[in-house]
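Trainee: Hi! Could you walk me through this one? I'm new to it.
Mentor: Happy to. Let's open it up and take your questions as they come.

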Amino acid sequence: MAEPVRVRRLTDQEGQKLQQIVRRGSTSSVSYRRAMMLLASAGGNRVPVIAQLVQADEDTVRDVIHRFNEIGLACLDPQWAGGRPRLLSPDDEDFVVATATTRPTKLGQPFTRWSIRKLAAYLRKVHGRVIRIGREALRCLLARRGVTFQRTKTWKESPDPEREAKLDRIEEVLERFPDRVFAFDEFGPLGIRPTSGSSWAEQGHPERHPATYHRTHGVRYFHGCYSFGDDTLWGVNRKKKGAANTLAALRSIRISRPDGAPIYVILDNLSAHKGETIRRWAKKNRAELCFTPTYASWATPIEAHFGPLRQFTIANSNHRNHTVQTRALHAYLRWRNKNARHPDVLAAQRKERSRIRSEKGIRWGGRPALAA
């Protein structure tokens, strides 16, 4: 009489691994069922009992046990191979992908998107080219070809009739007068609340901030000015956006170039940036306002510098009030401007400016700042 099929004696490591898989169940269903077969066999259960336990054929249980006795725990992750030949040619696969990425309405179907079931049914009825493929095979094919189910996104295209002319002018002043180009913009609203972010921490122990329900501090808007030539950023927090605050920012920019030569300020199309008072001041003080096209504020050089400012001062913060928040912003700006460029380059620029001021007889001291 043949000996009953049973796993060899397990080592401590093998037993603990199998027990861990069966208890946690945090692995593939195939590995989980195979681990249960081996653990049950190691506990003295016969093949018919194990087959009933895992709802498998007795021959399958015997094959798994024999495979474990040959290669150990590697049998938990079988390397599937073989199978019937592929039924779809490369041309058929290309046709499936092209169909899946085409809106159904363009193909005469009465819906706005495909489901796997609808796509498989449509492929079986295409005139002159019948493709028979199951839903799971279709899903695998699309995944293999990089086609995934995604949410639709929107974007805004600029309706500005002068879009190209405005962008050309911005590129021209950036190329011809880099030392005399500035950018101005606001970002916000900045509230007083714990703000999520990222930081280094021990695994499984992230930094935590309290939740807030009552926010009584109001909001602020950061009004920032950026010198393209100096790579210098400065600004203040305001309670709101407005023409008066914009004019104060433009005056601080004009003060940073007190030689009277023209300056070029790039800013977006916000109504608070282009009032009559601002235009008169700009004309009187030789400041050309280079507006970005509608829905194209990305063209301002300052936009890229707002990202780090937000990430290193607002994200992962819990400021008590706006005073503390403003101090944190200014502390970062001082650090940023100090480390923006090589010290020799900044020293040479400051020396040249000092020479110009002395020739013009202009008294100027300190770092540019917005008027209160």
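Trainee: Is Arg62 exposed, partly exposed or buried, and what is its relative accessibility?
Mentor: Arg62 counts as partly exposed, at 27% relative accessibility. Keep in mind that this is a predicted model.

Trainee: Which side chain does Arg62 meet in a salt bridge?
Mentor: That of Glu58, with 3.3 Å from N to O. Glu58 is partly exposed too, its relative accessible area being 32%.

Trainee: How do Glu58 and Arg62 sit in helix H4?
Mentor: They are four residues apart in H4 (residues 58–71), so about one helical turn separates them.

Trainee: Okay, new topic: helix H8. Which of its residues are buried?
Mentor: Lys166, Leu167, Ile170 and Val173 are buried. They cover an arc of only 130 degrees around the axis, so they lie on the same side of H8.

Trainee: And what does the face turned away from that buried side carry?
Mentor: Exposed residues: Glu171, Glu175 and Arg176.

Trainee: What covers the buried residues of H8?
Mentor: The cover includes strands E1 (181–191), E4 (263–267) and E5 (287–291).

Trainee: Back to salt bridges. Which residue pairs with Lys166?
Mentor: Asp160 does, with the closest N and O atoms 2.8 Å apart. Both Asp160 and Lys166 are buried.

Trainee: What about Arg169?
Mentor: Its side chain meets that of Glu288 in a salt bridge, 2.8 Å from N to O. This pair links distant parts of the chain, as Arg169 is in helix H8 and Glu288 is in strand E5, 119 residues apart.

Trainee: How many salt bridges are there in the whole structure?
Mentor: A search finds 17.

Notes: Residues are numbered from 1 along each chain as its sequence is written. This is a predicted model: local features need pLDDT of at least 70, side-chain atom pairs count only at pLDDT 80 or more; totals for chains, interfaces and linings use all residues. Side-chain values use heavy atoms; hydrogens and water are left out. Buried means under 20% relative accessible area, exposed over 50%, partly exposed in between (1.4 Å probe, protein chains only). Helices (H or I, at least four residues) and strands (E, at least two) are DSSP runs, numbered from the N terminus. The arc is that of the directions from the helix axis to the C-beta atoms. Contact means heavy atoms within 4.5 Å. A salt bridge is a side-chain nitrogen of Lys or Arg within 4 Å of a carboxyl oxygen of Asp or Glu.
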